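Me: I have a model of a two-chain assembly and would like to go through its geometry. Please take the questions one at a time.

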Amino acid sequence: MNRSVIAALASGALFGVGLAISGMTDRLVVLGFLDLYGDFNPQLAFVLAGAVVVTAIAFRFVLRLPQPVLAAGFKLPAATAVDRQLLLGAAIFGIGWGLVGFCPGPALVGLAGGLRDAMIFVPAMLAGSFTHYLMERRGKIGEE
Amino acid sequence: MSSWAQGLLGGALIGLSATLLLWSIGRIAGISGIVNGLGTAPRSDRAWRAAFLLGLMLAGGIAMQLLPYAPSHLQTGSTSLLLLAGLLVGFGTRMGGGCTSGHGVCGLGRLSWRSLAAVLTFMLTAIATVFLMRHVTVTLP
């Protein structure tokens, strides 16, 4: 195993432990955050705040480096425009997220942790992603 | 540990993870993007994705077993609703180029307007969906 694979493995492990501690694998906690007019549970806001405070500070320093320590360059998303694809995709994601309270990270950790609901959700999530991939390849979407 | 401390600590670890990935190999820790690239990225670009997801699921799954959980973890949802939601989440995150981690944790950390627009949009539709599901009763004739 080369060093960049080990770095990715360690980063994934840190992410997984963070998600497990944060409580986000419990989809009812997530739904509680999204339920502004009911039994509101602010926990997700603390998770997002804790994460974004770290990235907002640390990313500034990291991105000032000429290159990452184990790769030739930073690979950041090239797109900057707020377009229809972005907004429609985000809107569809939000509906799915609001229906059950799973987003991709907690669902994958929940699957590994033996949650029955995640075992149903994750294969459907992969199928949804693959569906978009096929549609895009056939040129049905993505042309504006 | 109180729920807000748990949230802050877990969140900080997620932020550190994203920082480690960017600092070491220059990549964004967006879960949906990492998963999607596993099937479609060039071969040389797949090993790190597999390693990240292996670490995520192995360490996250073990941590879940060790941590004391609220009983709500054991509640089970409707199978058809879970399937529908999974399809929408998979489709939408691929179309919109990111999820809570890619646009949320990393995009907001990079001060990207594009990601902020995505986060506001999915928060809004998620909140609206929960409102409809929990507080609006549809009476069929």
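This is a predicted model: local features need pLDDT of at least 70, side-chain atom pairs count only at pLDDT 80 or more; totals for chains, interfaces and linings use all residues.

Me: How many helices does chain B have, and how many strands?
Reply: From the N terminus on, the elements of chain B run α-α-α-α-α-α. The C-alpha atoms of chain B fill a box of roughly 60 × 35 × 30 Å along the principal axes. The count for chain B is 6 helices and 0 strands.

Me: What percentage of the residues in chain B is buried?
Reply: Among contacts in chain B with a separation of 6 or more, 44% join residues 24 or more positions apart. Chain B has 141 residues, and the buried share of them is 56%.

Me: Which element gives the largest share of the side of chain B that touches chain A?
Reply: The contact takes 98 residues from chain B and 96 residues from chain A. On the chain B side, the elements that give two or more residues are α1 (3–25), α2 (31–40), α3 (47–66), α4 (79–96), α5 (100–109) and α6 (113–135). By class, this side has 56 nonpolar, 37 polar and 5 charged residues. The largest share, 22 residues, comes from α1(B).

Me: How many nonpolar, polar and charged residues are in the contact of α1(A) with α3(B)?
Reply: The axes of α1(A) and α3(B) come within 6 Å and cross at roughly 35°. The crossing of α1(A) past α3(B) is right-handed. By class, the residues of this contact are 22 nonpolar, 6 polar and no charged.

Me: Which elements do the buried residues of α3(B) pack against?
Reply: α3(B) has 20 residues and reaches 28 Å from its first C-alpha to its last, close to the 28 Å expected at 1.5 Å a residue. Its buried residues include B:Trp48, B:Phe52, B:Leu56 and B:Met64. They pack against elements of both chains: α1 and α2 of chain B, together with α1 (3–22) and α5 (104–112) of chain A.

Me: Which elements are included in what covers the buried residues of α3(A)?
Reply: The 20 residues of α3(A) should span 28 Å at 1.5 Å a residue, and the end C-alpha atoms are 28 Å apart, which agrees. Among the buried residues of α3(A) are A:Gln43, A:Phe46, A:Val54 and A:Phe59. The cover of these buried residues includes α1 and α2 of chain A together with α1 and α5 of chain B.

Me: Is A:Arg27 buried or exposed?
Reply: A:Arg27 lies in helix α2 (residues 27–34) of chain A. Leaving aside neighbours within four places in sequence, A:Arg27 is in contact with A:Val100, A:Gly101, A:Phe102 and A:Asp117. The cut-off is 20 or more other C-beta atoms within 10 Å. Because A:Arg27 has 27 C-beta neighbours inside 10 Å, A:Arg27 counts as buried.

Me: Which elements do the buried residues of α2(A) pack against?
Reply: α2(A) is mostly covered, with 6 of its 8 residues buried. These are A:Arg27, A:Val29, A:Val30, A:Leu31, A:Phe33 and A:Leu34. They pack against α6 of chain B, and in chain A against α3 (43–62), α4 (84–100) and α6 (116–137).

Me: At what angle do α5(B) and α6(B) pack?
Reply: B:His103, B:Gly104, B:Gly107 and B:Leu108 in α5(B) meet B:Ser115, B:Leu116, B:Ala118 and B:Val119 in α6(B). By class, the residues of this contact are 4 nonpolar, 4 polar and no charged. α5(B) passes α6(B) in a left-handed crossing. The axes are 8 Å apart, and the packing angle is about 145°.

Me: What is the phi of B:Leu111?
Reply: B:Leu111 is found in the loop between α5 and α6 of chain B. With 12 other C-beta atoms within 10 Å, B:Leu111 is exposed. Most residues other than glycine have a negative phi. B:Leu111 is not glycine, yet its phi is positive, near 55°.

Me: Which residues have the most contacts inside the largest nonpolar core?
Reply: The largest nonpolar core has 86 residues. A:Ala107 touches A:Phe102, A:Ala118, A:Phe121, A:Val122 and A:Met125, not counting residues up to four places away in sequence. The residues with the most contacts inside the core are A:Ala107, A:Leu108, A:Phe121 and B:Phe122.

Terms used
Residues are numbered from 1 along each chain as its sequence is written. Chains are lettered from A and ligands numbered from 1 in the order in which they are written. A nonpolar core is a set of buried Ala, Val, Leu, Ile, Met, Phe, Trp, Tyr and Cys residues joined through C-beta atoms within 7 Å. Two residues are in contact if their C-beta atoms, placed from the backbone, lie within 7 Å. Helices (H or I, at least four residues) and strands (E, at least two) are DSSP runs, numbered from the N terminus. Ala, Val, Leu, Ile, Met, Phe, Trp, Tyr, Cys and Pro count as nonpolar, Asp, Glu, Lys and Arg as charged, and the others, Gly among them, as polar. Axes are lines fitted to C-alpha atoms, for helices over the stretch in contact, and angles run from 0 to 180 degrees between N-to-C directions. A crossing is left-handed if the near helix is turned anticlockwise from the far one by less than a right angle, and right-handed if clockwise. The expected span of a helix is 1.5 Å times one less than its number of residues.
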